[in-house]
Amino acid sequence: MEARRAEELAGDQSVVNTKLKRWLASMVSSKDQQDQLAAIAVLSEMIEADSLEDNVMTRIVGQTRKLLQSSDEAVCGAALDIYRRLVQKRWTHVLQFAESDISWCLETLASGGSEARLLTMLQLTEIIGKEGLLSPNSSVPRVLALLSQPLRDSRVEIRIAAGRALGACLGVVPPSERNPHNPWLNLLYEELQRNQQAGSIESLHGSQLICQELLRNGGTYMEPRFAQACETATRLTGHRDTHVRRAAIEQLPVLARYSPQGFARTDARGESTLSRSCRFLISLARSADPERHTAFVVLADIALACAADFAPLLGLTMGEIRGVLAQQARLHKKDAAADNPVTGGALKAISMLVTAMGPAVACHMHDTLDLMFAGGLNQALCHALRALVHNVDQLQPVVLARVLDMVSVILAGHPFRPAQHCLDDLEWRMGTMSMHYAVIAGNSPSDSAAAKGVGHVPPATDPTAMVVQAASNIPVTTDTLVLALRTLREFDFSEENLAEFLRTVVLEYIVHS
């Protein structure tokens with residue numbers, strides 16, 4: 001009986017597999033974008049299965065490679081993600097096609113094609129290179145030779161993709177060969193110089209992308225050329241083209257990491273690349289330039305590389321960050337806080353500066369901490385606060401207290417108060433349950449107090465009131481509630497008695513979820 005039932009189940013499974021096979025073949029071959037994306041969604045789930053037969057794995061690889069030939073960018077992007085995961089899983093069924101895929105990329109790079117096709121091949125080259133499937137002695141030189149044209153293509157997306165593919169290829173070169181004597185690196189640098197001399201926007205952008213990858217993956221090759229790279233980068237930070245200027249700004253921390261001493265070394269004029277770069281970035285942070293939010297992050301990234309030499313600039317940098325946070329706090333707009341790129345950049349910079357400079361940041365945080373909370377609870381704020389708690393011991397108590405207040409306002413509608421049994425018992429006997437442990441439906445402190453007829457929102461001069469107001473200014477969505485609960489778990493509140501708060505507030509979300 002059981003054997004017959006097993007045979008029936010096997011037969012049913014076979015029917016399902018056959019239907020799925022036919023459906024996938026139809027969707028992959030379809031010209032409709034939604035059909036192809038549906039096929040990719042199914043393939044994405046299939047490759048995570050615990051066990052697959054060889055013929056199924058071969059079919060998945062073949063269908064993924066076919067989807068990569070699509071002219072639709074969304075389909076190609078999703079198919080590339082599948083391909084990357086297959087390579088990372090080291091499926092022999094995809095690894096055996098690596099050489100033919102490389103040849104496919106080289107043919108497309110040599111002949112050109114549509115933007116979608118060329119972009120896909122550059123991204124495929126990047127994947128193959130990063131996963132170590134390129135041959136250093138045969139494939140890498142051929143790819144490097146063919147990247148020359150895409151690196152000065154008229155389309156910025158192609159140039160950026162070519163830069164990433166270049167970095168992946170250079171990463172395959174053995175470390176012992178990444179030196180000033182490598183002929184292929186010399187050819188790359190000659191290409192960089194030609195692009196600089198050409199002077200067009202596309203050529204200058206391409207030269208910056210080449211320089212970045214030589215710094216990241218060229219080993220000692222750029223050591224004798226470091227001063228020239230610094231001079232070029234600082235000069236191009238003032239270029240009129242957005243992409244050239246952005247590439248030059250992004251190159252500054254790359255230079256600082258490559259040679260912190262060289263970056264901070266004073267020249268004959270009494271200036272260093274560090275001082276010139278920071279002066280420019282602080283000026284950019286003060287401006288109305290759309291890129292101003294990147295200035296804070298780049299400054300902090302430089303600090304990570306040159307912590308000792310950056311110390312004299314810490315106060316000025318923190319002052320600019322504080323000014324931006326204060327400006328955003330005065331706006332009192334929901335879209336001017338957590339989702340504002342300038343505020344997000346400032347919070348990310350604080351996180352990086354705290355990591356780089358440690359307790360030295362403490363004296364600059366007393367006026368900054370309240371302003372950090374002005375945008376309400378968000379991922380950037382949590383990341384910055386975790387860095388503060390981890391790196392600046394003296395700020396732990398005040399940071400944790402304000403985080404707990406904000407979480408409590410979001411979850412319960414009021415700031416947190418530790419359990420005080422005598423007072424709680426007295427309020428209970430008098431029939432006036434404390435607002436701190438009343439499970440309130442609303443999330444605005446003023447609404448909660450009015451609903452219960454107890455409590456009041458403290459004046460705005462109180463730091464707790466600032467946290468309350470900030471938490472009240474953000475819409476309490478499901479994502480916000482999840483972030484608040486996750487924050488409660490990720491921070492160490494072991495010094496606080498949270499038993500009553502967990503029972504009366506947090507448990508309600510678990511019960512009704």
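1. Helices H13 and H16. In this predicted model, helix H13 (residues 242-258) packs against helix H16 (residues 292-305) at an angle of about 10°, and their axes are 8 Å apart. That makes H13 roughly parallel to H16, since angles under 35 degrees count as roughly parallel. On the H13 side the contact uses Ile249, Leu252, Pro253, Ala256 and Arg257. On the H16 side it uses Val298, Asp301, Ile302 and Ala305. By class, the contact of H13 with H16 has seven nonpolar, no polar and two charged residues.

2. Helices H16 and H18. H16 also packs with H18, at an angle of about 5° and with the axes 8 Å apart. H16 and H18 are therefore roughly parallel to each other. H16 brings Arg292, His293, Phe296, Val297, Ala300, Asp301, Ala303 and Leu304 to this contact. H18 answers with Pro341, Val342, Gly345, Ala346, Lys348, Ala349, Met352, Leu353, Thr355 and Ala356. The residues of the contact divide into twelve nonpolar, three polar and three charged. Asp301 of H16 meets H18, and Asp301 is also among the H16 residues that meet H13.

3. The largest pocket. Its volume is about 590 Å³. The lining has 26 residues, and those closest to the centre are Gln212, Arg216, Arg246, Ala247 and Glu250. Helix H9 (156-170), helix H11 (201-217), H13, H16 and helix H18 (341-357) each give at least two residues to the lining. Which helix gives the most to the lining of the largest pocket? H13 does, with eight residues. By class, the lining of the largest pocket has nine nonpolar, eight polar and nine charged residues.

4. Cavities overall. The search of the whole structure returns two cavities of 30 Å³ or more.

5. The largest cavity. Tyr189, Leu192, Gln196, Gln208, Cys211, Met222, Gln228, Ala229 and Thr232 line the largest cavity. H10, H11 and H12 are the elements that supply two or more of these lining residues. The lining of the largest cavity divides into five nonpolar, four polar and no charged residues.

6. The second largest cavity. The lining consists of Ile102, Cys105, Leu106, Thr125, Ile128, Leu134 and Val143. Helix H6 (98-111) and helix H7 (115-130) each provide at least two of the lining residues. H6 gives the most to the lining of the second largest cavity, with three residues. Six of the lining residues are nonpolar, one is polar and none is charged.

7. Aromatic pairs. How many aromatic pairs does the structure hold? There are four.

Terms used: Residues are numbered from 1 along each chain as its sequence is written. This is a predicted model: local features need pLDDT of at least 70, side-chain atom pairs count only at pLDDT 80 or more; totals for chains, interfaces and linings use all residues. Side-chain values use heavy atoms; hydrogens and water are left out. Axes are lines fitted to C-alpha atoms, for helices over the stretch in contact, and angles run from 0 to 180 degrees between N-to-C directions. Helices (H or I, at least four residues) and strands (E, at least two) are DSSP runs, numbered from the N terminus. Angles under 35 degrees count as roughly parallel, over 145 as roughly antiparallel, 65 to 115 as roughly perpendicular and the rest as oblique. Contact means heavy atoms within 4.5 Å. Ala, Val, Leu, Ile, Met, Phe, Trp, Tyr, Cys and Pro count as nonpolar, Asp, Glu, Lys and Arg as charged, and the others, Gly among them, as polar. On a 1 Å grid over the protein atoms alone, a cavity is a set of points where a 1.4 Å probe fits but cannot get out, and a pocket is an open set with protein on both sides within 12 Å along at least five of seven lines; lining residues have an atom within 4 Å of a point. Grid points are joined across faces, edges and corners, and a volume is the space filled by probe spheres set on the points. Rings of Phe, Tyr and Trp (its six-membered ring) pair if their centres lie within 6.5 Å; planes under 30 degrees apart count as stacked, over 60 as edge-to-face and the rest as tilted.
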